[in-house]
Amino acid sequence: MSQDPKPDRRRFLAGAGLAGLGVAAAGVSRVALAALPEPAIQTSAATAPPLQPKSGRPYNPVVTLNGWTAPWRMNQGVKEFHLVAEPVEREIAPGMVARLWGYNGQSPGPTIEVVEGDRVRIFVTNRLPEHTTIHWHGQRLPNGMDGVGGLTQPQIPPGKTFVYEFVARRPGTFMYHPHADEMTQMAMGMMGFWVTHPREPHPHIAAVDRDFCFLLNAFDIEPGSYVPKVNTMLDFNLWTWNSRAFPGIDTLNVRKGDRVRVRIGNLTMTNHPIHIHGHEFEVTGTDGGPTRPESRWPEVTTDIAVGQMRQIEFIADEEGDWAMHCHKSHHTMNAMGHDVPTMIGVDHRGLVEQIQQVVPDYMVMGERGMADMGEMEMPLPDNTLPMMTGQGPFGAIEMGGMFTTLKVRRGQKPGDYSDPGWFKHPPGTVAREWTGAVPAPERHKAAGAPSAPAVEMTVRKPGSHQGH
Ligand SMILES: [Cu+2]
């Protein structure tokens, strides 16, 4: 993990404000007072360590998976942020870079963390080729600050800076995204996370040891290209957490016994059942705020619908490397041609390489199923991720997309978010091959057959499938 916010040298002067701020305190230049907060720019897709608050009310900061928290400045009691909407380059996973739109150098933009009751002022500079706005999803605020272009404000033209200002009235988990040419701008990756921490201990908000957050998003980027197709409605080929796909998503590294909170927001166009192995969790918060304790129940998968936020919490009391993923299996794969025929039972050795010389993104299922694809190094077009990939301590993990690992370790120090490596299983606790006798199944004897004939399958599934 490394935090690498490079302060941008470019300064923005509020021209109209210069005269009005003439009554500066001695020793503070008028220019300094009039200048907007310098926008911090992030160039790295690594998970930044939590940003401990140096000013304003204290709180326990979150960790944004493959993201970071925006720094702020206090200006006469107001927390000031500066977001710059601009084209960015985002590494989706090692081996693939996407040309997206985002904020302050990355997609998603930085997480904004404030405390209940804070007055927040956000300068938004538009460096996109078209107008934009920011909608503060889920917040209680004056109607004119809601960021719906045409309805509650004029859109922010290219090159201009607008100011939003409101009090963060209720604690909880929020998101921000444009409400201007929304389909295009969200398909291009414009979004960010917002956390409002409680001002004082809240009966429905537990103190936690680790507090993670990320957004669910999705892109349709043709193999070999860099820019998302913005008109795709459902058939995306890159299912991402904070614009990262497995094996590019960082692991959630926790100490055994930690109370862990994970905040997830969904800005894709479909639902995602998020599943954690080895532990039960409770949904402790939704879009509307913290849930009442008597309304909670234990579960291992929670569905997060479009535009929703969920806060889940659990005690990480089982050591190991636990899978954490979307349970739609098409969402744990990377760019796949959706119109590939099923080829189980068909011998097509050597054919793929030949066809790919003519049709670069041609892919087929393996003849014995899909698992072959997790192991073999298929010839791929440039800037494309393998459909199923990742190496674990026991071989190919055969995943992509919305998949990562929750790593629970006894020895993980409080505040240490670094990757502890693979889990070392105690002797005798790993599934192993049975080497004793294997009796024939009873049902074959009952039917009078000595053994069942080997099943030969030749399947061809025509047509493309939409809507997953
Ligand atoms: Cu999903």
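Guide: Start with the spacing of the residues that hold the copper ion: along the sequence, the donors follow the pattern H-x53-C-x4-H. Keep in mind that this is a predicted model. The donors themselves are His272 through ND1, Cys326 through SG and His331 through ND1, at 2.0 Å from the copper ion. Now find His272 and Cys326 on the chain. His272 is in strand S17 (residues 272-276) and Cys326 is in strand S22 (residues 320-326), so this pair links distant parts of the chain, 54 residues apart. Both sit away from the surface, too: His272 is buried, with a relative accessible area of 0%, and Cys326 counts as buried at 1%. The cut-off for that word is under 20% relative accessible area.

While we're on histidines, have a look at His135. You'll find His135 in strand S9 (residues 135-137). Its relative accessible area is 11%, so His135 is buried as well, given the cut-off of under 20%. Leaving out residues up to four places away in sequence, His135 touches Asp146, Gly147, Met175, Tyr176, His177 and His179.

One of those contacts, Tyr176, leads us to the aromatic rings. Tyr176 belongs to a cluster that ring pairs build from Tyr103, Trp136, Tyr164, Phe166, Tyr176 and Trp194. The structure holds twelve aromatic pairs. Take Phe236 and Trp239: their ring centres are 5.8 Å apart and their planes are at 75 degrees, so this pair is edge-to-face. The cut-off for that label is an angle over 60 degrees. Both Phe236 and Trp239 are buried.

Phe246 and Phe403 make another edge-to-face pair, because their planes are at 80 degrees, with the ring centres 5.0 Å apart. Phe246 lies in the loop between strand S14 (238-241) and strand S15 (252-255), while Phe403 is in strand S25 (residues 403-409), so the pair ties together parts that are 157 residues apart in sequence. Phe246 is buried, with a relative accessible area of 8%, and Phe403 is buried with a value of 8%.

A cis peptide bond joins Phe246 and Pro247, with omega about 5 degrees. Pro247 is in the loop between S14 and S15. There's also a cis bond from Ser107 to Pro108, where omega is near -5 degrees. Pro108 is in the loop between strand S6 (96-103) and strand S7 (112-115).

Lys79 lies over the face of Trp72, at 4.5 Å from the ring centre. Arg99 lies over the face of Tyr226, at 4.3 Å from the ring centre.

Last stop: two backbone angles. Gln76 isn't a glycine, yet its phi is positive, near 50 degrees. Gln76 lies in the loop between strand S4 (73-75) and strand S5 (78-93), and Gln76 is exposed, with a relative accessible area of 78%. Glu398 isn't a glycine either, and its phi is positive at about 60 degrees. Glu398, though, is in strand S24 (residues 395-399), and at 28% relative accessibility Glu398 counts as partly exposed.

How values were computed. Residues numbered from 1 in each chain as written. Predicted model: local features only at pLDDT ≥ 70, side-chain atom pairs only at ≥ 80, totals over all residues. Heavy atoms only, no water. Phe/Tyr/Trp six-rings, centres within 6.5 Å; stacked < 30°, edge-to-face > 60°. Buried < 20%, exposed > 50% of the residue type's maximum accessible area, 1.4 Å probe, protein only. Helix = DSSP H or I, 4+ residues; strand = E, 2+ residues; numbered from the N terminus. Lys NZ or Arg CZ within 6 Å of the ring centre and 35° of its normal. Donors = N, O, S within 2.8 Å, 3.2 Å for Na, K, Ca; no water. Contact = heavy atoms within 4.5 Å.
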